[in-house]
Amino acid sequence: MTVHEQHADDSIEEIFKETSDMYGACTTRITRQFEDVLGELFGEKMLSDYRKLFPCDWLKIMQDFEAKIHTFQNGEAKIYLPGSFVASVNDFRSPSMRKYAEGEVKILDDKYLCLSPGVMLSLLQPCIEYVKHILRALLRKPQLSEVKTIFLVGGFANSRLQEEINNEFRGKYYVTFPTDSTDAVVKGAVMVSLTTAATKRRVLRATYGADCSRNFARGKHPEEKKFLVNGKEKCRDLFNCFVKENDTVEHGQEISVTYRPREGNETNIRYTFYAARSPDTKFVTDPGVTEIGSLSVHSPDTTQGLDRDILISMYFGGTEIIATAWDVTSGNRAQTTLDVSSKTVI
C-alpha cells in the first residue's frame, strides 16, 4: 500500500512510503493455506510425491484455485482436478475429512474439488481483515488526513475484498477499482516507465548505502573488523549511508559519494550495495541488512596510488535505483540496476 497526491498538472507525488506486507502478497498467503488444507485432507507425503511426479498438473490446480480467489463472492468454489490427482487420492481416505461438515469439502464427478462458502471464507477472511487493519492504521496518520480516494488494484482486489472495503470505508472515502484490477498492475508499471516525468517524488521505504572501510578507531570499531593495509589498521564492513528510510527523492535525482581505492595498486575495484531496515545501521553485517547488488570498475592507472577518486552514485528513476561507479582518472564506468523488490528489501 502506498499514498500518492495528484497535482494540478497531473503529476504524481508519493507522500507516504510503500507499506510492505510481512505476510507476503495476499493471494500467495491464501494459496499456502489452501495447500495446508490439501495436505490435511490427502496427506502431506502424498501431496509432496504428487508435486514431484506431476508438476504441470499441480500448477494447473493452483492456478485454478487462484482464479477462484479473485472471483469468489459467496458461492461454492469448484477447483478443477486433473485425472492424475484424482487417481492419486482415490485409494486414500483421510480421517481429517471428518473435520468438515457434510458437503463442506468434497470431490465431485472425479473432476472437481468443491469448497463450501464457509471453507473459502476461512481461507480468505484473515487476509481481508489484515488489509482492513492496515488501512485503518494508515488512515489514522495525521499526514494522511487529506486522503479522499481508496484505489484497489491487483488480483485480490477482484475478490470479496471489494465489498468489504466498500462497506467499511465508503462513508468517508471514495472507493474505486478498475474493471480488470489484475491487468491494472501491469499496465500501470508500463505507463510509469513510459511517462516517468509524471512521478515527481517518492518516499524511500528503506535505507540504502554501500560498503566501505575506514581507519580503525579503537573503542568504536569491533576488533574482529580490524585488518591491515600497508601497515595501517582499517575497519571493514562499514555501511556508508547514501539515503535514509522516509527520505523523499526527486525523480531523476542522483546522489554521489567519492570513494578511493583501498590499496594503491588495486585496478579492479568492487563495490557492494545494501538496503537496511534501520537508518542507524553501522555495519553491512548488522541484522536487517540485505545485499541488493554489486559492480566492479576498472581503474588501470595506478600512478596516483590511493589518491584516485572513484565516484559512486545512486540514481533514482521511476521505480528503479541504478548504481554507477566512475573511475575519474581513466573515465571508466560500471553500472547496475539494484534489486529493490519487496522480497529483497523486507
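## Two asparagines in loops

Let's start with N230, which is found in the loop between strands β10 (226-229) and β11 (232-243); helices (H or I, at least four residues) and strands (E, at least two) are DSSP runs, numbered from the N terminus. This is a predicted model, in which local features need pLDDT of at least 70, side-chain atom pairs count only at pLDDT 80 or more, and totals for chains, interfaces and linings use all residues. Residues are numbered from 1 along each chain as its sequence is written, and side-chain values use heavy atoms, with hydrogens and water left out.

N230 is not a glycine, yet its phi is positive, near 50°. N230 counts as exposed because its relative accessibility is 66% (buried means under 20% relative accessible area, exposed over 50%, partly exposed in between, with a 1.4 Å probe and protein chains only).

The loop between β11 and β12 (248-250) holds N246. N246 also has a positive phi, about 80°, without being a glycine. At 47% relative accessibility, N246 counts as partly exposed.

## Two aspartates

D327 sits in strand β17 (residues 320-327). The side chains of D327 and S299 are joined by a polar contact of 3.2 Å (a pair of N or O atoms within 3.5 Å; within protein, one must be able to donate a hydrogen and the other to accept it, and residues adjacent in sequence count only if both atoms are side-chain atoms).

D64 belongs to helix α3 (residues 55-71). With 19% relative accessibility, D64 counts as buried. Leaving aside neighbours within four places in sequence, D64 is in contact (heavy atoms within 4.5 Å) with K78, I79 and Y80.
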